[in-house]
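Some labels used for a protein chain rest on a cut-off. The questions below ask how each label is reached.

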Amino acid sequence: MAEQTASGYIQHHLQNLTFGQLPNGDWGFAHTAQEAKEMGFWAFHVDTLGWSVFLGLVFILLFRSAAKRATSGQPGGLQNFVEVLIEFVDGSVKDTFHGRNNLIAPLALTIFVWIFLMNLMDLVPVDFLPLLAATITGDSHLPFRVVPTTDPNATLGMALSVFALIIFYSIKVKGIGGFLGELTLHPFGSKNIVVQILLIPVNFLLEFVTLIAKPISLALRLFGNMYAGELIFILIAVMFGSGMFLLSTLGVALNWAWAVFHILIITLQAFIFMMLTIVYLSMAHEDNH
């Protein structure tokens, strides 16, 4: 494979494996970033989808295995780990969620573990899995990203799913009238019906922005932090591959130090996404009437 420049190396590692309609009308994989861009909205990031599904299955099979092996006697390591995790999430839900809904705790657990596993892929050496994929396919220029949460399509997809639940439970608990009332009669209210009607556009603008900001903040916070972390690993890899002894030694030390620190970021981002989801759904269950 021809030697890449540092800029080319970085761009290659930040490009997704994209499947869609090519400029000639055929369907296939994009070979360049420009081709991926020309595919438009109906292009699929195959690596993001593949790793998301795979890690979701890892979560399901891991917890299913723990449930099948659960015993009232001396528990094994996996059972202890799962029980501690479930108690932690359950405690977070009880402290934050003030409604009654049996879906919230399982949803919070799924969000936390699934996002944590996706974030954890950032600790895999940046070249290992892409080179493995290139070797298997025989395409040395194959773009292949392994951290789904560095793709805004994935984080926005999860955030929009949470947003749909927020809308659903807001209407279910408060009724369509109560939900529309929140959007049009708050934060500014008045006992004068004329003034109240005049304030509806202002109230709607403020409340609508607040409502839309929830999924956008969820998605961009997770994406931004994980993307920055991935980019730092790639920059360290560029330094490490420079061939200079001092930079290579420094690269190893920096990679190790950043990986240790990044474990905290990985866990924190999964926790924040989970907690904000619980908070937003708790607000959706509040009936002020």
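Q: Why is Q269 called buried?
A: In this predicted model, Q269 has a relative accessible area of 6%. Buried means under 20%, so Q269 counts as buried.

Q: Where is Q269, and which residues does Q269 touch?
A: Q269 is part of helix α9, which covers residues 245-284. Leaving aside residues up to four places away in sequence, Q269 touches N119, R221, L222, N225 and M226. A touch here stands for heavy atoms within 4.5 Å.

Q: What makes W256 buried or exposed?
A: W256 also belongs to helix α9. The relative accessible area of W256 is 62%. Exposed means over 50%, so W256 is exposed. Between the C-alpha atoms of W256 and A228 there are 16 Å in space, and the two residues are 28 apart in sequence.

Q: What is the class of G77, and how do you know?
A: G77 sits in helix α4, residues 77-96. Its relative accessibility is 57%. The cut-off for exposed is over 50%, so G77 is placed in that class. Along the chain, G77 and A66 are 11 residues apart, and their C-alpha atoms are separated by 9.4 Å.

Q: Why does I200 count as partly exposed?
A: I200 has 30% relative accessibility. Buried would need a value under 20% and exposed a value over 50%, with partly exposed in between. I200 therefore counts as partly exposed. The residue lies in helix α8, residues 193-240. It touches T184 and L185, not counting residues up to four places away in sequence.

Q: How much of the chain is buried?
A: Of the 289 residues in the chain, 37% are buried.

Q: Why are α5 and α7 called roughly antiparallel?
A: Two packed helices are described by the angle between their axes and the distance between the axes. The axes of α5 (residues 104-120) and α7 (residues 152-185) cross at roughly 170° and come within 13 Å. Angles over 145 degrees count as roughly antiparallel, and α5 and α7 are therefore given that description.

Q: Which residues make the contact of α5 with α7, and what are their classes?
A: From α5 come L107, I111, W114, I115 and M118, which meet M158, V162 and L165 in α7. By class, this contact has 8 nonpolar residues, no polar and no charged ones.

Q: How do you know that β1 pairs with β2 and with β3?
A: Two strands pair if at least two bridges are found between them. β1 and β2 have 3 bridges, and strand β1 (residues 18-21) has 2 bridges with β3. Both pairings are therefore within the definition, and both are antiparallel. On the β3 side, T18 has H45 as its bridge partner, and F19 stands opposite F44.

Q: What lies between β1 and β2?
A: The two strands form a hairpin, with 5 residues between them. In the turn, G25 has a positive phi of about 100°.

Q: Why do β2 and β3 stand at the edges of the sheet?
A: The open sheet has 3 strands in the order β2-β1-β3, with antiparallel pairing. β2 (27-29) and β3 (44-45) each have a single partner strand, so one side of each is left without a neighbour in the sheet.

Q: What is the pattern of helices and strands along the chain?
A: The chain has 9 helices and 3 strands. Read along the sequence, they follow the pattern α-β-β-α-β-α-α-α-α-α-α-α.

How values were computed:
Residues numbered from 1 in each chain as written. Predicted model: local features only at pLDDT ≥ 70, side-chain atom pairs only at ≥ 80, totals over all residues. Heavy atoms only, no water. Axes fitted to C-alpha atoms, helices over the stretch in contact; angles between N-to-C directions. Helix = DSSP H or I, 4+ residues; strand = E, 2+ residues; numbered from the N terminus. Parallel < 35°, antiparallel > 145°, perpendicular 65-115°, else oblique. Nonpolar A, V, L, I, M, F, W, Y, C, P; charged D, E, K, R; others polar. Buried < 20%, exposed > 50% of the residue type's maximum accessible area, 1.4 Å probe, protein only.
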